[in-house]
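Keep the model open beside you as you read.

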Amino acid sequence: MTTISVPDMMCENCVKRITNALTAAELKFTVSLDAKTVTIDGCDNCVKTAVSELEDLGFTPEVR
């Protein structure tokens, strides 16, 4: 499990956009608006894919 900080995730609409993108990328993940994090359950390539998807959505992800 890898946690990615997404400090600019501000609302439920952000969560929905992230969920849709990561689901489409076929990743296993959880999103926490309260903690402003996305947790990826997968390999390093899965984490890279998630970071790329988040950046494409305009977020500033930081792998912890």
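**The sheet and its surroundings**

Four strands come together in an open sheet with the order S2-S3-S1-S4, and the pairing is antiparallel. S2 and strand S4 (62-63) stand at the edges, each with a single partner strand, so one side of each is left without a neighbour in the sheet. Two strands are said to pair here if DSSP finds at least two bridges between them. Strands of a sheet pair through backbone hydrogen bonds, either parallel or antiparallel.

Before going further, please note that this is a predicted model, in which local features need pLDDT of at least 70 and side-chain atom pairs count only at pLDDT 80 or more, while totals for chains, interfaces and linings use all residues. Residues are numbered from 1 along each chain as its sequence is written, and side-chain values use heavy atoms, with hydrogens and water left out.

Now for the order of the elements. From the N terminus on, the chain runs β-α-β-β-α-β, which gives two helices and four strands. Helices (H or I, at least four residues) and strands (E, at least two) are DSSP runs, numbered from the N terminus.

Look next at strand S3 (residues 37-40). Thr37 and Thr39 point one way from S3, Val38 and Ile40 point the other way, and all are buried. Buried means under 20% relative accessible area, exposed means over 50%, and partly exposed is in between (1.4 Å probe, protein chains only). In a regular strand the side chains alternate between the two faces of the sheet.

S3 pairs with S1 in the antiparallel sense over four bridges. In this pairing Ile4 stands opposite Val38, and Ser5 has Thr37 as its bridge partner. Strand S2 (residues 29-32) is also joined to S3 by four bridges, again running antiparallel, with Ser32 opposite Thr37.

Leaving aside residues up to four places away in sequence, Ser5 touches Lys36, Thr37, Thr60, Pro61, Glu62 and Arg64; a contact means heavy atoms within 4.5 Å.

At 26% relative accessibility, Lys36 counts as partly exposed. Glu26, in the loop between helix H1 (12-24) and S2, has a positive phi of about 60° although it is not a glycine. Glu26 counts as exposed because its relative accessibility is 73%. Most residues other than glycine have a negative phi, and most peptide bonds are trans.

Finally, step back to the whole chain. With 64 residues, a compact globule would have a radius of gyration near 11 Å, and the chain's 10 Å agrees with this; the radius is taken over C-alpha atoms, and the globule rule is 2.2 Å times the number of residues to the power 0.38. The C-alpha trace spans about 25 × 25 × 15 Å along its principal axes. Buried residues make up 33% of the 64 residues. Among contacts between residues at least 6 apart in sequence, 61% join residues at least 24 apart.
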